[in-house]
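Here are a few exercises to work through with the model open in your viewer. Try each task before you read its solution.

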Amino acid sequence: MSLYHGSLYWPTTISDRPVYPKLDKEVSCDVLIIGAGMSGALLTYKLAKEPLDVILVDKNCVGNGSSSANTGLLQYSNDKMLHSFAESIGEKDAVRFYQLCLNGMKELKKIATSLQDDIQFIDRQSLYYASTESDIVSLQREFEILKKYNFPVEFLEEEMLYKLYGLNKHGAIRTMGDAEVNPLKLVLSLVKEASKKSNVQVFENTEVTEPQYKDGYWLFHNEDAIIRAKHVVYATGYHLDNFTMEMPTELNRTFAIITNPISSFRNWKDRCLIWETKRPYFYMRTTVDGRIIAGGLDEETIESPRDPRILQIYADRLLARIKEHFPYLQLKAEYVYGATFGESKDGIPFIGEHPNKKNLYYCLGFGGNGTVYSAFGSTIIKDLIINGNHPDADLVRLNR
């Protein structure tokens, strides 16, 4: 299954992409990480600092999966509001989960400042506005519970929202502590820095089959290589055929465009991240070279259209949504694509050890906050491997 169709923007921002060999020999390691996307890259980067031998493999190239289609909005708020989580899993656990997401944002910021490459990580506020007047009640409930637990948040009434942003909306939540990033640069930089460590090996174009467990090792065979690993982590994103257990997930498709560069964003205060309460929601951000990334139009279909004419129809719809907010902008969609994305049934990602297979783990950032989930999820997996526990592992366990 192809994860996206259309023209991608992020690969055009890469001028020097590292190349890693294909594995063609027998190797052993403490930890084998399968999948060199966001989750795999973050985990490899963290484990590179530990006294462990680590191997990262990908059946294609580093960052060539969903990371290339990731729109790079980093937020602690979720597609499912905190007060909705509180109704479904209880307020205590809902707050714990949102705090994990906020911690994930802090982790990403710390990592971004430590990397040698410029990954275009910029601190941003987020504006989450009510799409209709009837959504104000839900938005106010969300603000109250976020404020109750000291999340960085403000509520903007209709008048203030228009004064600050020029938006004719009924109200909005403004959150602090969010950011934007070039996700492909982030993945490539994480893997490049980890690969410099003597305890890390990275292999591209290396596909592994379902393993066997023998004498304390997970054993992988293919026509060219054998891998023996004490611990195995599946960080394979939405490639469900790689999973060795069933999980309650849904695969859908979404669409995104990247516009021509804009010389001025005079009414777009602080170039904040913008999204809405409507479902499926529309969202947008800017880039360092002055473009607008906008996405949405989610559909309950897995594969996106291949026909460029159909993709252009979706592009025109997204352009129209941008113009609703900023009618003075002269825009065209220079890049347009559709991409597959996955969600869990309860809105929480799948992170942890297989309930029946020792030392076999999953770090799967299912949901709209996939990069943030990968950030805290890689820490949970690291702690499970090294210490055998993490205080919040039960929240995201596989068999919940």
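This is a predicted model: local features need pLDDT of at least 70, side-chain atom pairs count only at pLDDT 80 or more; totals for chains, interfaces and linings use all residues.

Residues are numbered from 1 along each chain as its sequence is written, and side-chain values use heavy atoms, with hydrogens and water left out.

**Exercise 1. Describe how helix 1 packs against helix 3.**

Step 1: Locate the elements. Helix 1 covers residues 38-47 and helix 3 covers residues 91-114; helices (H or I, at least four residues) and strands (E, at least two) are DSSP runs, numbered from the N terminus.

Step 2: Take the geometry. The two axes come within 13 Å and cross at roughly 65 degrees. Axes are lines fitted to C-alpha atoms, for helices over the stretch in contact, and angles run from 0 to 180 degrees between N-to-C directions.

Step 3: Classify the angle. Helix 1 is therefore roughly perpendicular to helix 3 (under 35 degrees is roughly parallel, over 145 roughly antiparallel, 65 to 115 roughly perpendicular, and the rest oblique).

Step 4: Find the handedness. Helix 1 and helix 3 cross in a left-handed way; left-handed means that the near helix is turned anticlockwise from the far one by less than a right angle, and right-handed that it is turned clockwise.

Step 5: List the contact (heavy atoms within 4.5 Å). Helix 1 brings Leu42, Tyr45 and Lys46, while helix 3 brings Glu107, Leu108, Ile111 and Ser114. Sorted by class, these are 4 nonpolar, 1 polar and 2 charged residues. Here Ala, Val, Leu, Ile, Met, Phe, Trp, Tyr, Cys and Pro count as nonpolar, Asp, Glu, Lys and Arg as charged, and the others, Gly among them, as polar.

**Exercise 2. Repeat the analysis for helix 1 with helix 8.**

Step 1: The axis of helix 1 comes within 9 Å of the axis of helix 8 (residues 370-387), and they cross at roughly 45 degrees.

Step 2: Helix 1 and helix 8 are therefore oblique to each other, and their crossing is right-handed.

Step 3: From helix 1, Met38, Ser39, Leu42, Leu43, Lys46 and Leu47 take part; they meet Thr371, Ser374, Ala375, Ser378, Thr379, Ile381, Lys382 and Ile385 of helix 8. This contact divides into 7 nonpolar, 5 polar and 2 charged residues.

**Exercise 3. Work out how helix 2 and helix 3 pack.**

Step 1: Helix 2 (residues 82-89) packs on helix 3 at an angle of about 135 degrees, with the axes 7 Å apart.

Step 2: This pair is therefore oblique, and the crossing is right-handed.

Step 3: Leu82, Phe85, Ala86 and Ile89 of helix 2 touch Glu91, Asp93, Ala94, Val95, Phe97 and Tyr98 of helix 3. The class count is 8 nonpolar, no polar and 2 charged.

**Exercise 4. Characterise the largest cavity.**

Step 1: On a 1 Å grid over the protein atoms alone, a cavity is a set of points where a 1.4 Å probe fits but cannot get out, and lining residues have an atom within 4 Å of a point.

Step 2: Count and size. There is 1 cavity of 30 Å³ or more, and the largest cavity holds about 70 Å³. Grid points are joined across faces, edges and corners, and a volume is the space filled by probe spheres set on the points.

Step 3: Examine the lining. Among the lining residues are Met81, Tyr98, Glu142 and Trp275. Strand 5 (122-129) gives the largest share, 3 residues. By class, the lining has 7 nonpolar, 4 polar and 1 charged residues.

**Exercise 5. Inspect the backbone at Pro280 and Asp215.**

Step 1: Recall the background. Most residues other than glycine have a negative phi, and most peptide bonds are trans.

Step 2: The Arg279 to Pro280 peptide bond is cis, with omega near -5 degrees. Pro280 sits in the loop between strand 13 (273-276) and strand 14 (283-286).

Step 3: Asp215 is not a glycine, yet has a positive phi of about 55 degrees. Its place is the loop between strand 9 (212-214) and strand 10 (217-221).

Definitions and conventions: On a 1 Å grid over the protein atoms alone, a cavity is a set of points where a 1.4 Å probe fits but cannot get out, and a pocket is an open set with protein on both sides within 12 Å along at least five of seven lines; lining residues have an atom within 4 Å of a point.
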